[in-house]
Amino acid sequence: MRDGLISLGRRLLARRGAALGLAFLALVALAAAFAGLLPLDPLGQSVADALKPPSSESWFGTDELGRDILARVVYGARTSLVTAFGAVLTAALVGVPVGLVAGFYGGWRDSLLMRCIDVLLALPNILFAMALIAVLGRSQSAALIAVGVAGIPGFARIARAQVMTLRSLDFVTAVRGFGGKPGYIMFRTILPNALSPLVVQAIVLASIAILLEAALAFLGVGVPPPTPSWGEMLRTGKSYLYEAPSYAVLPGLVLTLTILSFDTIGRALTAILDRDETDASGATIGGRR
Amino acid sequence: MTKLSRRRFCITGLALAGAAPFAAAPPAAAQALKGGTLRVGVLYELANYDPQQLSTVNFHVIKNLYDSLIEYTPEGRPEPSLATKWAIAPDKTSVTLTLREGVTFHSGNPFKADSVLATLQKGADPKRGKNVFSTMAIVKDWSAPDDRTVTIHFRTPVPDRQIFDLLQFLIPIDPKGIDTVETVPAGTGAYTLVSRAVGQGLTLKANPKYWREQQPLAQDLVFTVFSEDAAASAALESGAVDIVYNGSSRSAVRLKDAGFQVFSGPGQLVQVFRINSTRGPFRNKSFRQAFNYLMDRASILRVGYAGMGKVVALPWAPASPAFDESYTRTYAYDLDKAKKLIAASGLSADAMKGWKILVDGSNEASVTISQVVQGSLAKAGIPVELDMRQGAEYVTALLGGDFDATFGAVGNVQKFPTRVTTNSIYRTAGNPILKDPHPHPDYVAAIARVDGAAGGEAEVKAAYDNLNRVLVDEAFGIPTNSYDVGLIVASEKIGGVTLDIDNLFVARTIGFK
């Protein structure tokens with residue numbers, strides 16, 4: 001498992017796009033994690049210095065209250081990454097077991113669970129998230145839950161598809177023959193072998209979560225001020241495009257690069273895992289590739 | 001702004017009444033202007049056509065579809081409109097109006113005393129009177145000896161300015177259309193309704209029987225509704241509209257720098273930090289008084305309104321007779337004084353926390369200035385959160401009094417001081433926030449004293465001074481700044497803009513150079 005992860009990491013880094021994406025995400029994650037150690041104050045107001053352009057003193061310029069935009073971008077990364085991580089965790093913790101149970105047992109359990117998932121899928125993510133925030137109130141945890149719940153169907157459907165593929169294979173039949181119980185077979189036998197597409201899904205959902213959190217903030221239902229949030233900065237910054245273009249452009253650029261990084265890594269992982277699968281199934285025999 | 005004494009008001013009013021025939025003549029500058037189609041960008045969708053439901057959402061149409069009994073000049077002098085003369089009884093208990101002849105409603109009905117009576121009847125009805133109802137509190141009854149004369153009787157002697165405010169606020173409605181006025185306009189105004197596309201705009205055309213000579217100048221008046229301030233500004237810059245009405249101060253400043261004309265009238269609003277003194281730490285007077293010093297008014301004016309307006313510590317626009325600049329200096333932002341009052345409140349740190357500032361999330365200025373206060377409070381050692389609500393959710397909380405503290409603008413602050421009681425936080429009875437019985441009896445008494453000050457100038461001034469003192473002492477509303485509502489930003493080819501006392505949009509004098 002450990003060797004496999006190291007090998008996967010090496011193969012990812014061998015791809016230039018994925019390597020750049022990883023480097024950027026590492027930078028953002030480190031900045032967010034150690035923001036408190038940096039000489040940055042995201043809340044300090046100085047109205048006299050409002051809407052200053054980027055300078056050596058303030059690399060990204062200042063916002064309408066004279067707060068340092070770079071500081072707010074760095075602290076905003078916390079909001080985005082915590083929301084993304086929390087949303088992925090929420091979605092995976094609910095979606096994967098649902099998919100495993102539905103796929104493993106089939107029958108009425110499958111029908112019931114998948115119809116529930118279909119209901120969730122039928123709801124547009126943003127509307128569902130807004131409705132949930134209307135009930136829970138405007139806070140980071142509400143945004144996290146809203147985005148997480150919106151991600152459940154993706155995990156459930158992928159997990160179900162994987163189980164349906166794997167449950168009839170010999171190694172699963174063997175474990176069942178040795179008296180393995182359903183829970184053991186699902187979580188200890190099938191799940192480890194279904195992880196690859198779920199990891200890709202987690203990365204894809206992380207980028208969707210960041211975008212959705214930003215969209216909610218942009219619509220005015222995200223994390224309340226003065227907590228920094230990229231979406232909130234975009235929302236406010238658009239009103240100052242004439243006076244201070246950097247206010248909206250720079251946080252927007254960081255947001256775009258973060259999502260692009262996640263997507264690039266997700267695509268690279270998909271390509272690597274697809275190749276592994278094809279190799280394993282012997283599809284290359286006969287020179288098909 | 002010049003303050004007018006009661007006597008000067010009366011004299012001016014009578015003098016202007018004598019000059020009534022001339023009031024209908026167009027200004028000289030207007031005669032050089034050409035007509036055409038005037039295209040106006042607005043930021044609000046119209047609610048309805050009832051002139052007694054006056055609010056910023058219908059500011060752009062009311063003075064184009066209707067006329068008032070009298071008008072104010074931008075300086076606050078009353079001048080004739082549908083009433084050509086007025087005579088205030090020596091004991092100040094009645095006013096007799098002479099109505100203009102030759103005026104017809106859009107329906108073709110002649111304008112007579114019956115329409116004024118029907119309008120008074122509607123205004124005095126608690127269900128139908130809407131915004132006018134509270135102003136009608138001073139009115140006892142009315143009569144019409146003939147078609148051209150109406151006499152309004154008051155319950156007690158009423159100061160002249162209050163009488164003029166009432167007359168200016170009374171907009172005659174066609175009796176034939178008074179029951180359907182919300183959906184079908186029924187006025188005598190310079191324009192008539194052609195069509196309306198809900199959410200998109202409104203088209204009006206010149207009233208061919210309009211009574212003011214050579215008005216309106218523009219034959220067609222087309223309003224386009226923009227959902228974004230920036231989109232309206234872009235439309236003006238691209239030439240898609242000729243005027244943007246009621247846009248943001250910040251856009252106005254930018255467009256002025258770009259060469260556009262900006263007109264701001266005297267009808268400013270005053271932003272007030274409304275405190276629910278029936279809740280939590282706000283029951284403590286000393287704690288509330290600290291907010292007089294906690295407001296960084298200069299910063300609020302700058303970040304919220306691009307510096308357009310004036311910092312104020314009282315709920316009066318500079319044009320108000322009760323305006324007193326010395327309060328702005330006395331109650332300037334001072335963190336040390338605020339901290340002393342907070343300490344003097346005797347409240348524990350825990351007792352001072354746990355409340356939130358309600359914020360209109362869809363109002364950019366409200367979000368920004370609330371953060372300024374949040375920052376000041378943090379410096380004073382009181383961390384508070386913002387309770388962001390959107391649209392109707394916010395309005396419901398604001399008008400229902402479901403908040404600890406919030407910013408909300410107050411209007412009618414350039415007229416007779418007790419008109420401030422038309423705003424929910426300043427109501428003396430039936431206050432939706434402070435409830436009944438009113439928790440600040442000194443304030444209620446101060447308002448009553450101003451209402452009853454119909455005597456000499458000294459008596460009036462003493463009543464105003466007393467009200468001002470009580471307002472900062474009770475501190476349930478902390479004014480921060482006046483700001484412009486109904487700003488007009490026009491292309492350079494536009495001329496003849498008339499400034500209304502309430503900053504309503506008056507199109508009849510506007511033409512093309």
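These legends describe close-up views of a predicted model.

**Figure 1. Overview of chain A, a chain of helices without strands.** Chain A has eleven helices and zero strands. Read along the sequence, its pattern is α-α-α-α-α-α-α-α-α-α-α. The C-alpha atoms of chain A fill a box of roughly 75 × 45 × 35 Å along the principal axes.

**Figure 2. Packing of helices H5 and H6 in chain A.** Helix H5 covers residues 125–136 of chain A, and helix H6 covers residues 140–166. The two pack at an angle of about 140 degrees. Their axes are 9 Å apart. H5(A) passes H6(A) in a right-handed crossing. From H5(A), the contact uses Asn125(A), Phe128(A), Ala129(A), Leu132(A), Ile133(A) and Leu136(A). These meet residues of H6(A), including Ala142(A), Ile145(A), Ala146(A) and Val149(A). By class, the contact of H5(A) with H6(A) holds twelve nonpolar residues, one polar and no charged.

**Figure 3. Helix H6 against helix H9 in chain A.** H9(A) spans residues 195–218. The axes of H6(A) and H9(A) come within 10 Å and cross at roughly 155 degrees. The angle makes H6(A) roughly antiparallel to H9(A), because angles over 145 degrees count as such. The crossing is right-handed. H6(A) contributes Ala143(A), Val147(A), Ala150(A), Gly151(A), Gly154(A), Phe155(A), Ile158(A), Ala159(A) and Gln162(A). H9(A) answers with Pro197(A), Leu198(A), Gln201(A), Leu205(A), Ala209(A), Leu212(A), Glu213(A) and Leu216(A). The residues of this contact divide into twelve nonpolar, four polar and one charged. Ala143(A), Val147(A) and Ala150(A) of H6(A) take part here and also in the contact with H5(A).

**Figure 4. The contact between chain A and chain B.** Chain A gives twelve residues to the contact, and chain B gives 18 residues. On the chain A side, seven are nonpolar, three polar and two charged.

**Figure 5. Overview of chain B, built from helices and strands.** Chain B has 18 helices and 21 strands. Its C-alpha trace spans about 70 × 60 × 40 Å along the principal axes. A compact globule of 513 residues would have a radius of gyration near 24 Å. Chain B has 23 Å, which agrees.

**Figure 6. An antiparallel open sheet of four strands in chain B.** The strand order is S4-S5-S7-S6. S4 (83–88) and S6 (139–146) of chain B stand at the edges. Each has a single partner strand, so one side of each is left without a neighbour in the sheet. Neighbouring strands are turned by 20 degrees against each other on average, direction ignored. Helix H5 (residues 113–124) of chain B packs on this sheet. H5(B) touches S5 (94–99), S6 and S7 of chain B. Its direction makes about 165 degrees with that of S6(B).

**Figure 7. Strand pairing within the S4-S5-S7-S6 sheet of chain B.** S4(B) and S5(B) pair in the antiparallel sense over five bridges. Ala87(B) stands opposite Thr96(B) in S5(B). The hairpin of S4(B) and S5(B) has five residues between the strands. In that hairpin, Lys92(B) takes a positive phi near 65 degrees. S5(B) and S7(B) run antiparallel and are joined by five bridges. Thr96(B) has Thr151(B) of S7(B) as its bridge partner. S7 (residues 149–154) is also joined to S6(B) by five bridges, again antiparallel. There, Val139(B) is the bridge partner of Phe154(B) in S7(B).

**Figure 8. An open sheet of six strands with mixed pairing in chain B.** The order is S14-S18-S13-S17-S15-S16. S14 (309–311) and S16 (385–389) of chain B are the edge strands. Each pairs with a single partner strand, so one side of each is left without a neighbour in the sheet. The twist averages 30 degrees from one strand to the next.

Figure 9. Five bridges join S15 (residues 356–360) to S16(B), and the two run parallel. Ile357(B) has Leu386(B) of S16(B) as its bridge partner. Helix H16 (residues 391–400) of chain B packs on the sheet. H16(B) touches S15, S16 and S17 (405–410) of chain B. The direction of H16(B) makes about 115 degrees with that of S16(B).

Conventions
Residues are numbered from 1 along each chain as its sequence is written. Chains are lettered from A and ligands numbered from 1 in the order in which they are written. This is a predicted model: local features need pLDDT of at least 70, side-chain atom pairs count only at pLDDT 80 or more; totals for chains, interfaces and linings use all residues. Axes are lines fitted to C-alpha atoms, for helices over the stretch in contact, and angles run from 0 to 180 degrees between N-to-C directions. Angles under 35 degrees count as roughly parallel, over 145 as roughly antiparallel, 65 to 115 as roughly perpendicular and the rest as oblique. A crossing is left-handed if the near helix is turned anticlockwise from the far one by less than a right angle, and right-handed if clockwise. Two residues are in contact if their C-beta atoms, placed from the backbone, lie within 7 Å. Ala, Val, Leu, Ile, Met, Phe, Trp, Tyr, Cys and Pro count as nonpolar, Asp, Glu, Lys and Arg as charged, and the others, Gly among them, as polar. Two strands pair if DSSP finds at least two bridges between them. The radius of gyration is taken over C-alpha atoms; the globule rule is 2.2 Å times the number of residues to the power 0.38.
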